[in-house]
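Here are my notes on this model, point by point. Please read them with the coordinates open.

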Amino acid sequence: MPPIRGKKALLATTLGRLGALDAAFRLRRLSGAQSLTVLTYHSVGTVRPDYPFDPEVVDATAESFDAQLRILRKHCSVVRIDDVLSALGGGRLPPNAVLITFDDGYKSCHKVAFPLLQRHGLPATFFIATDYVEERRLFWWDIIHYVFKSTTEAAIELSYPNPLRLDLSDRTASIALLLRLAKETYGIDVRTFVTHLAERAKVPLDRERERILADELIMTWDEIRELSSAGMDVEGHTRSHRVLQTLTPTELSEELLGCRMKLESELGKPVRTLAYPVGFVIDERPDLCQAVANAGYGAGFSNDTGINRRLQRGQRFGIQRLAMDKSEPLALFQARLTLPNMG
C-alpha cells in the first residue's frame, strides 16, 4: 500500500475505533447535505496467482464487497439513475446518497455481485461495453495482459500503431506502455492493436479461443437482461471501450449512439446515462459533451476522483466517482464515504 494511502488507512482505523465515522454518518444525515458519492467497481472476486487477465479490474473480494454493502445499507441511501437525473434537474437527493456502479460487463457482476446486492436489497448501475457482449470478445486490456502472461518471447516487435520494440525483461513496464498507447493514441483501432500484439508475441488467440475465454469472463445478454429485470439499472459504456478523446467525429457518433441503441434493443428500456471508457473527463471538450448529448444521454460519469458536493445541471457530463480498490481496508472505505478529503 502506498505511504499516503497507508497513513489514511491507519487514521481511518483509529477514527472507526473511536466511533467517529458512525458519528460522521449521523451528522451528514442530519445536515441534509445534497452530496452524491458514486462508487466505481469493475469485477468482484478473488485473483488467483494464475489469473491470466488484468488483475487490477478486480476491485473487491466477495467478502469485502458484502461488508461494504452492509455499511451502505446501514448508513447510506443507495440511489438509482432516476434519482441522479432528478437531482440534475433540481430535485433533492436523500441523505448520504450513494450510487453503486460497475463498468464494462464482467461475468462476476452477475455471478458474484448481483446475489449480494439482492441479499442486501440494494440497487446498482451496470455500464456495458456492448460489442464485447455481442461478439463474445475479450476486453482489449485483458488481451494485453493475457498476451504478456502467455508469450515465451524475449522481445516483441510491433509496427502498429507505430514501430516499437518491447523488451520483456520488464513485463510490467511493457504492459503499462501498451495500455497508455491504447488510451491516448488518436485514431487507434484497439482491435487491430491487440490482434497485432498477439500475432507478434506468437500467442494463439484465434476466434474460437477468444470466444471460449470471453464466455468465462463476460456476461451474456441473458444475464444482463436478468439484472435489468431485477431492478438494476443498465446503462452505456460505448460499443468497444475506446477512449472518447481518441475518436474521430464519425467514430464517436457510432460508439455513443450504437451503444445506446443496442442496449435499448436488447433490454426494451431507455438508456439515459454513459460512463466514459477509462474515465477521462470531458468537461473541457464542448465537442465531446455535445456528442454525448446528441447521442441521447442525459448525464455522463468520469473517473475524476471525488464526491459530488451538489449535483447541478451544468455538471451533468462531469459526475465524479470514487474508484474502489481490493486492498482498501473497510475502515478506509467507510472514511471515504464520510470525509471527502479521504478520497
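Which residues form one aromatic cluster?

1. **Aromatic cluster.** This is a predicted model. Y106, Y132, F139, W140 and W141 form one aromatic cluster. Within the cluster's list stand two sequence neighbours, W140 and W141. W140 is buried, at 3% relative accessibility. W141 is buried too, at 6%.

2. **Aromatic pairs.** The count of aromatic pairs comes to eleven. One of them joins Y41 and F65. The geometry is edge-to-face, with 5.1 Å centre to centre and 80 degrees between the planes. This pair links distant parts of the chain. Y41 sits in strand β1 (residues 36–41), F65 in helix α3 (residues 62–75), and 24 residues separate them. The rings of W140 and W141 also pair edge-to-face, because their planes stand at 90 degrees, with centres 5.1 Å apart.

3. **Main core.** The largest nonpolar core has 90 residues. Those with the most contacts inside it are F65, L72, F102, L117 and I144. Helix α7 (residues 140–150) supplies the largest share of this core, seven residues. Leaving out residues up to four places away in sequence, I144 touches I175, L178, L179, F193, V194 and L197.

4. Another core lies apart from the largest one. This other core has 16 residues, among them V38, I81, A87 and A97.

5. **Helix α4.** Which residues are buried in helix α4 (residues 81–88)? They are I81, V84, A87 and L88. These residues cover an arc of only 125 degrees around the axis, so they lie on the same side of α4. G90 follows α4, and its phi is positive, near 110 degrees.

6. **T273.** This residue belongs to strand β10 (residues 273–275). Is T273 buried or exposed? The relative accessible area is 1%, and buried means under 20%, so T273 is buried. With residues up to four places away in sequence left out, T273 touches I81, L85, F127, E235, G236, Y297, A299 and F301. One of these contacts, I81, is also among the buried residues of α4.

7. **A62.** Helix α3 contains A62. The relative accessible area of A62 is 26%, so the residue is partly exposed. A62 touches V44, G45, V112 and L116, not counting residues up to four places away in sequence. A62 and S108 are 46 residues apart along the chain, and their C-alpha atoms are separated by 9.7 Å.

8. **Salt bridge within α3.** The structure holds 22 salt bridges. One of them pairs D66 with R70, with the closest N and O atoms 2.9 Å apart. Both residues lie in helix α3. They are four residues apart, about one turn of the helix. D66 is buried, at 14% relative accessibility. R70 is partly exposed, at 42%.

9. The side chains of D131 and R239 meet in a salt bridge, at 3.2 Å from N to O. D131 lies in helix α6 (residues 130–135), R239 in the loop between β9 (233–236) and α12 (249–267), so the pair ties together parts that are 108 residues apart in sequence. Are the two partners buried or partly exposed? D131 is buried, at 16% relative accessibility. R239 is partly exposed, at 29%.

10. D287 forms a salt bridge with R285, and the closest N and O atoms are 2.8 Å apart. D287 is partly exposed, at 43% relative accessibility. R285 is partly exposed too, at 32%. Which residues do salt bridges with shared partners join into one network? They are E134, D222, R225, K262 and E266.

Terms used. Residues are numbered from 1 along each chain as its sequence is written. This is a predicted model: local features need pLDDT of at least 70, side-chain atom pairs count only at pLDDT 80 or more; totals for chains, interfaces and linings use all residues. Side-chain values use heavy atoms; hydrogens and water are left out. A nonpolar core is a set of buried Ala, Val, Leu, Ile, Met, Phe, Trp, Tyr and Cys residues joined through side-chain atoms within 4.5 Å. Buried means under 20% relative accessible area, exposed over 50%, partly exposed in between (1.4 Å probe, protein chains only). Helices (H or I, at least four residues) and strands (E, at least two) are DSSP runs, numbered from the N terminus. Contact means heavy atoms within 4.5 Å. Rings of Phe, Tyr and Trp (its six-membered ring) pair if their centres lie within 6.5 Å; planes under 30 degrees apart count as stacked, over 60 as edge-to-face and the rest as tilted. The arc is that of the directions from the helix axis to the C-beta atoms. A salt bridge is a side-chain nitrogen of Lys or Arg within 4 Å of a carboxyl oxygen of Asp or Glu.
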